[in-house]
Amino acid sequence: MEYQDYYKILGLERAATPDQIKQAYRKLARKYHPDVSKEADAEKRFKEIGEAYAVLKDPEKKAAYDQMGSNWSGGQGFNPPPNWDSGYEFRGNGWGDGANPDHSEFFESIFGRRAQQANQQSAQFNIPGEDHHAKIEIDLVDSYLGAQRSIGLKMPALDEQGHLRMQERTLEVKIPKGIRNGQHLRLAGQGSPGFGNGKAGDLYLEIVIKPNSLFKVDGKDVTVELNLAPWEAALGATVDLPTPTGKVELNIPANTMAGKKLRLKGKGIPSQEPGDLYAAIRLVTPPAASDSDKEAYQAMAKSFAAFNPRANG
């Protein structure tokens, strides 16, 4: 997928004002309109110009696009960074655009998943406020134990001079025990205010569990790598196993092989049917740093002369 440089398409600098964006679009739209243009690629350019303007004229889309950074160039291979939009708050169920077959793959990769329009029900002078949506990251231990957290959200908006600014707010949020990746928290009345007697909209927070160098999360299940010495795996042992809430003792059966997963039932993320915690076994061999170390390995080699580690390879 190629990166689309919307500023370059409209011939603009990134610091362009809303008026400059509008002027550039009108000029290019007239030049490349398929009904009047003599250019061979007029239809393609007209679609590119329209897509660029649809993004840069809208404060929320422009803020999201600018969040991608300025280190990309047009035509360069591109994939959106994971969870790039964490901490950003948006009105409605999405970006406010329905699906459009003229949109590029690049546009859909950023905005497509938010492309459902909100259903707005209104009566005269009584209009409910829009719901807002945002993504927040939490620690794995918060999912295990629950927590009370202060979260900061940023929402793009135009000021009185037409400049894009970030409105920031902090909310106290109760993280319920057992919440998982992809689930949502609803904060009633924290969306846009209603008009007349219309209710305020709600704020929906999508939960993302922060990546962790020690633990891997898959739904309700959690996996942790456990390093063992060869003699611990061969003879069996009792070792300390790290978990998101502290260490526990784990009995290692004799003849445990590298790659095996030992299951601690019900020790994953809590729920009515809790997940499991898996210890993925990894063998760590000590270095042969001294003569005595080498002699020990040589003795082992003699004792297991018939053993071929590649017999099943």
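In what order do the four strands of the open sheet stand, and what is the pairing?

The model is predicted.

Helices first. Two packed helices are described by the angle between their axes and the distance between the axes. Here the pair is helix 2, residues 18-32, and helix 3, residues 42-56. Their axes come within 9 Å and cross at roughly 165 degrees. Because angles over 145 degrees count as roughly antiparallel, helix 2 is roughly antiparallel to helix 3. The crossing of the two is left-handed.

Now the residues that touch. From helix 2 we have Ile21, Lys22, Tyr25, Leu28, Ala29 and Tyr32. They meet Ala42, Arg45, Phe46, Ile49, Gly50, Tyr53 and Leu56 of helix 3. Sorted by class, this contact has 10 nonpolar residues, one polar and two charged.

Back to the sheet. Strands of a sheet pair through backbone hydrogen bonds, either parallel or antiparallel. The order in this open sheet is 7-8-12-11, and the pairing is mixed. Strand 7, at 215-218, and strand 11, at 261-264, stand at the edges. Each has a single partner strand, so one side of each is left without a neighbour in the sheet. From one strand to the next, the twist averages 25 degrees.

Strand 11 and strand 12, the latter being residues 277-283, run antiparallel and are joined by four bridges.

Key: Residues numbered from 1 in each chain as written. Predicted model: local features only at pLDDT ≥ 70, side-chain atom pairs only at ≥ 80, totals over all residues. Heavy atoms only, no water. Axes fitted to C-alpha atoms, helices over the stretch in contact; angles between N-to-C directions. Parallel < 35°, antiparallel > 145°, perpendicular 65-115°, else oblique. Left-handed = near helix turned anticlockwise from the far one by under 90°. Contact = heavy atoms within 4.5 Å. Nonpolar A, V, L, I, M, F, W, Y, C, P; charged D, E, K, R; others polar. Pairing = 2+ DSSP bridges.
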